[in-house]
Amino acid sequence: MSFTVAIVGRPNVGKSTLFNRLVGKKLALVDDTPGVTRDRRPGEARLVDLRFTIVDTAGLEEATDESLSGRMRQQTEAAIDEADLSLFIVDAKTGLTPVDTALGEMLRRRGKPVVLVANKSEARGSDSGFYDAFSLGLGEPVPISAEHGQGMLDLRDAIVAAVGEDIAFPPKEDVAVTDVDLPQSSDEGGEEDEEPVYDDSKPLRVAIVGRPNAGKSTLINRFLGEDRLLTGPEAGITRDSISVEWEWRGRTIKMFDTAGMRRKAKVIEKLEKLSVADALRAIRFAETVVIVFDATIPFEKQDLHIVDLVLREGRAAVLAFNKWDMIEDRQAVLADLREKTDRLLPQARGIRAVPISGQTGWGLDKLMQSIIDTDRVWNKRISTAKLNRWLEQQQVQHPPPAVSGRRIKLKYMTQVKARPPAFMVSCTRSDALPESYTRYLINGLRADFDMPSVPIRIHYRSPDNPYEGKKKRT
């Protein structure tokens, strides 16, 4: 992207609505309640022929630095300082307020380009608010309607005039092609069903989930080495699922901070429902999911529900027992956590569990290594030849049960997909095979092919009976 634009303004003037309009997706949560947005959310904006990075910010309010509103204001000020241009949004429908005047003065002191935008200009009686915006001394306001998409061409022209043609339309660099990888033929015959090698240079998407106040945002801030996400003692600070990128040992990691998920019966307010739905989308989009437990009160019922949800979605899961710096008798607590993990999460046998401290950074390297190892298992593929040899051995050790005097035969097995690993078994009378035998095969796959913690799917297929439906000859 050529330049960065921050959307700023007081609460409930339509900043997130304009953000969604510019990125072309409903990424940011939008509600009539003031102060929905708390963290700064970046996105890739498209406005006619312009391409730039847009940053949605929290609404600015007068508050002390220690309060939640004060910490939100600090995040917004950081976004303004990092951006090349600020879109100052005012509400033309309700007119200017003292907060707008104070914000305009703050933007003027920073000395960076500012485009004044009068949103909700389609409303009846918005002319007075539009003309009042001239008093801010930031130039002529651009009348738009973020909800209906009106005034976008004028907004484009104002942005180009503010940043300049050179920055708005940077020259395209000619990419010289030096090395081209061409497929090489080899006379050596390899295995027809060769297992692919894990690509440890590919970017990895990781979602951080858990109950409210488990330390998810603090953990990500520690990874980044800066206060990128809003944190504090209050539960439920995070609302939007915010993505951040960083590198670990040369590999790009894209992490998603999500809202804390409470029990479904307690989620009553519309805004919290939207936040939880956004967290669920982040889980489905991620490859590996880190479930953050509070080590001082681990294995609450909701923790177990979250782990089960992640596994049912087919994601690779890692447990992180946070706030380890608050534990005194660490050896006894660690042994207790291991016992409870095996007993309470039988569907995730062998899941990796790492004690960490997001506050001090203790154990984060071990957590990242567990994430990489789990993703490697999640992407694993096993050759068909190995699977069928293994299937034959499993049936010798523990033959399938006989139902109504007829034994079920497992004939053939192959892996149909990875991410998560899924297998197809051709057998007779698949509808009569008990669930216990499927669990026996899954546990065998985990043990014999080193596939702990990831969900494993086994599907059965019975060959068509050529005589089914034909009448018997009398």
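Helix 7 (residues 216–224) gives the largest share of the lining of the second largest pocket, five residues. Helices (H or I, at least four residues) and strands (E, at least two) are DSSP runs, numbered from the N terminus. The model is predicted: local features need pLDDT of at least 70, side-chain atom pairs count only at pLDDT 80 or more, and totals for chains, interfaces and linings use all residues. Residues are numbered from 1 along each chain as its sequence is written, and side-chain values use heavy atoms, with hydrogens and water left out.

The second largest pocket has a volume of about 580 Å³. Its lining comprises 31 residues. Nearest the centre lie G215, S217, T218, T231 and G232. A pocket is an open set of points on a 1 Å grid over the protein atoms alone, where a 1.4 Å probe fits, with protein on both sides within 12 Å along at least five of seven lines; lining residues have an atom within 4 Å of a point. Grid points are joined across faces, edges and corners, and a volume is the space filled by probe spheres set on the points. By class, this lining has 16 polar, eight charged and seven nonpolar residues. Here Ala, Val, Leu, Ile, Met, Phe, Trp, Tyr, Cys and Pro count as nonpolar, Asp, Glu, Lys and Arg as charged, and the others, Gly among them, as polar.

The largest pocket holds about 940 Å³ of space. Of its 29 lining residues, L27, P42, G43, S243 and K254 are the closest to the centre. Two or more residues each come from strand 1 (4–8), strand 2 (41–47), strand 3 (50–56), helix 2 (68–82), strand 8 (242–248), strand 9 and helix 8. The lining divides into 12 nonpolar, 12 charged and five polar residues.

The whole structure contains 11 aromatic pairs. Rings of Phe, Tyr and Trp (its six-membered ring) pair if their centres lie within 6.5 Å; planes under 30 degrees apart count as stacked, over 60 as edge-to-face and the rest as tilted. F130 and Y131 form an edge-to-face pair, 5.2 Å centre to centre with 70° between the planes. F130 is buried at 14% relative accessible area, whereas Y131 is exposed at 56%. Buried means under 20% relative accessible area, exposed over 50% and partly exposed in between (1.4 Å probe, protein chains only). F130, Y131 and F134 form one aromatic cluster.

F256 and F285 have ring centres 5.5 Å apart and planes at 80°, so this pair is also edge-to-face. F256 lies in strand 9 (residues 251–257) and F285 in helix 8 (residues 270–285), so the pair ties together parts 29 residues apart in sequence. F256 is buried, at 9%; F285 is partly exposed, at 41%. R205 lies over the face of F285, 4.5 Å from the ring centre. The charged end of R330 sits over the ring of W362, 5.6 Å from its centre. A charge sits over a ring if NZ of Lys or CZ of Arg is within 6 Å of the ring centre and within 35 degrees of the ring normal.

The largest nonpolar core has 30 residues. Such a core is a set of buried Ala, Val, Leu, Ile, Met, Phe, Trp, Tyr and Cys residues joined through side-chain atoms within 4.5 Å. V289, I291 and L319 have the most contacts inside it. Helix 9 (301–312) gives the largest share, five residues.

The protein has 13 helices and 17 strands. Buried residues make up 48% of its 474 residues.
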